Amino acid sequence: MGSVAAALHERGFKVTGSDENVYPPMSIFLERKGIAFRAGYRAENIPADADVVVIGNVMKRGNPEVEVALNRKLFYLSLPETLKNYFLRGRHNLVVTGTHGKTTTTALLAWIMQKAGRKPGYVIGGLPKNLGQGALLNDSKYFVIEGDEYDSAFFDKRSKFIHYLPELLIVNNIEFDHADIFNNLDEIKLSFRRLINIVPQNGMVLLNGDDPNCVEIAKNCLAQMIEVGFSKNCAERIRDVAHSSKGSRFKVGDETFEIPLIGEFNVRNAAMAATAARFYDVPQTKIDNAFKSFSGIARRQELRGEARGVKVIDDFGHHPTAIAKTLQALRHRYPRQRIWAIFEPRSNTTRRAVFQRQLPDALKFADGVFIAQVAKLEQIPEKERLNPEAVVDAIAKAGHPAFYEKNADVIVDRIMPMLQPKDIVAVFSNGGFDNIHEKLLNRLRS
């Protein structure tokens, strides 16, 4: 929402907005862009002369701003509809989807197109450091967009990506997620089938050929399709992967690439981005230069600071697969250092017991684990809630120190005496987590 607000502002629209909580890095970004925002929802936040009200997909009936928009019969759109109508029509849209890796792959692809002189527009669900913002509208015929399978709005339960008019589509992987809107994996696969069904015949689908779910949903694809992956059946096969503390090196086809990112997920993300760029005739040298100069994304394995020899890393990971792959990647970057994982169950899926069994296996890749209380407990019936204490017990039984503490302050108090120079603390949350990163760094400095 914030990135699109900034792009509309740059087009000349007057843009205001509201959210329940506005926290860094997006709050800082909006302030720099000169966009007025308010914390909390009130009817008077909707201007009297509003032409369009964009309603986010977490808004529900009963929200005072939703109700005033309906009562005043204002013109309202979902965020995906806003993108379709104001940004995407008539362009070559490169849409990046999948349970994991969307933001990184989209940022890599946008950066490649930028370095290749294509001057793409883009919308990315994060803040890429190279690009300086998550959304850009310009006159380029190319548009790179992160496609989310979450629903569009309370009045449109289709996945967001259905609105994005894909010419080139990347499907990175498909797993169960978003337990608040999908009942099972089959419902998620149906949404991806509908997406593939709107790719034109002169378009292109790039598919994770190692993922049976991806292969299954593409069986009736009428567009050109290329499978990308590590297995022998993939037309674009990833080979000769090597990790170091500085990044990763790999081959796709006959070409060798280097990226300053680590882990199998990021290698696949980069391979997808490179293959997509080739579809638009971007030379190998341009792709290579873009990869080597890529600076990463805020909240994706981001080093927030170092004090007394302890590095504090922020990561958006909340799905067990993403947590496990991130911890494995950190092992490549810091092979001889202790890694602590601090996890806040905050997403609509991880607050529930859906991943009760998978979370211990994911977090066991750390040397020590802290888990906070499930966020917004009152919203989840007790029988459906994740049990953090049981997760901690399972990890402890596997021989790893593991602790359950209610909030960020108590976790900082508990971990401080345990930390040693050269330790790595990886914080996993898709929210602000009460600014635990700075709290920990401040305590270390003092």
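Against which elements do the buried residues of helix 13 pack? The points below take this up and then cover the rest of the fold.

1. Basis. This is a predicted model, in which local features need pLDDT of at least 70 and side-chain atom pairs count only at pLDDT 80 or more, while totals for chains, interfaces and linings use all residues. Residues are numbered from 1 along each chain as its sequence is written, and side-chain values use heavy atoms, with hydrogens and water left out. Helices (H or I, at least four residues) and strands (E, at least two) are DSSP runs numbered from the N terminus.

2. Helix 13. The buried residues of helix 13 pack against strand 19 (339-343), strand 20 (368-371), strand 22 (424-428) and helix 14 (436-445); contact here means heavy atoms within 4.5 Å. In helix 13 (residues 408-415) these buried residues are Ala-408, Ile-411, Val-412 and Ile-415. Buried means under 20% relative accessible area, exposed over 50%, and partly exposed in between (1.4 Å probe, protein chains only). The four lie on the same side of helix 13, because they cover an arc of only 100° around the axis, the arc being that of the directions from the helix axis to the C-beta atoms. At the N-terminal end, Asn-407 caps helix 13, with a side-chain oxygen 3.2 Å from the backbone nitrogen of Asp-409. Such a polar contact is a pair of N or O atoms within 3.5 Å; within protein, one must be able to donate a hydrogen and the other to accept it, and residues adjacent in sequence count only if both atoms are side-chain atoms.

3. Six strands form an open sheet of mixed pairing, in the order 17-18-22-19-20-21; two strands pair if DSSP finds at least two bridges between them. Strand 17 (302-307) and strand 21 (402-404) are at the edges with a single partner strand each, so one side of each has no neighbour in the sheet. From one strand to the next the twist averages 15°. Axes are lines fitted to C-alpha atoms, for helices over the stretch in contact, and angles run from 0 to 180 degrees between N-to-C directions.

4. Strands 20 and 21, with helix 12. Strand 20 and strand 21 pair in the parallel sense over three bridges, and Tyr-404 in strand 21 is the bridge partner of Ile-371. Helix 12 (residues 388-397) packs on this sheet, touching strand 20 and strand 21, and its direction makes about 165° with that of strand 21.

5. Burial and ends of helix 12. Pro-388, Val-391, Val-392 and Ile-395 are buried in helix 12. They are placed on the same side of helix 12 because their arc around the axis is only 95°. The cover over these buried residues includes helix 11 (358-363), strand 20 and strand 21. Asn-387 caps the N-terminal end, where a side-chain oxygen lies 3.1 Å from the backbone nitrogen of Glu-389. After helix 12 comes Gly-399, with a positive phi near 95°.

6. Helix 14 lies across strand 17, strand 18 (310-315), strand 19 and strand 22, and runs at about 20° to strand 17. In the loop between strand 22 and helix 14 lies Phe-433, a residue other than glycine with a positive phi near 50°; Phe-433 is buried at 5% relative accessibility. Arg-299, also not a glycine, has a positive phi near 75°. Arg-299 sits in the loop between helix 9 (284-292) and strand 17 and is buried, at a relative accessible area of 8%.

7. An open sheet of 10 strands runs in the order 7-6-8-5-11-12-13-14-15-16, with mixed pairing. Strand 7 (135-136) and strand 16 (255-259) are its edge strands, each pairing on one side only. Strand 14 (residues 236-244) and strand 15 (residues 247-252) pair in the antiparallel sense over five bridges, with His-243 opposite Ser-248 in strand 15. Helix 5 (residues 102-115) lies across strand 5 (92-97), strand 6 (121-123), strand 8 (142-146) and strand 11 (168-171), at about 165° to strand 8.

8. Strand 1 (residues 16-19) and strand 2 (residues 36-39) pair in the parallel sense over four bridges. The chain passes from strand 1 through helix 2 (residues 26-33) to strand 2 in a right-handed β-α-β crossover; right-handed means that, with the strands pointing away from the viewer, the path from the first strand over the helix to the second runs clockwise. Ser-78, in strand 4 (residues 76-78), is buried with a relative accessible area of 0%. Not counting residues up to four places away in sequence, Ser-78 touches Val-54, Ile-55, Ser-152, Ala-153 and Phe-155.
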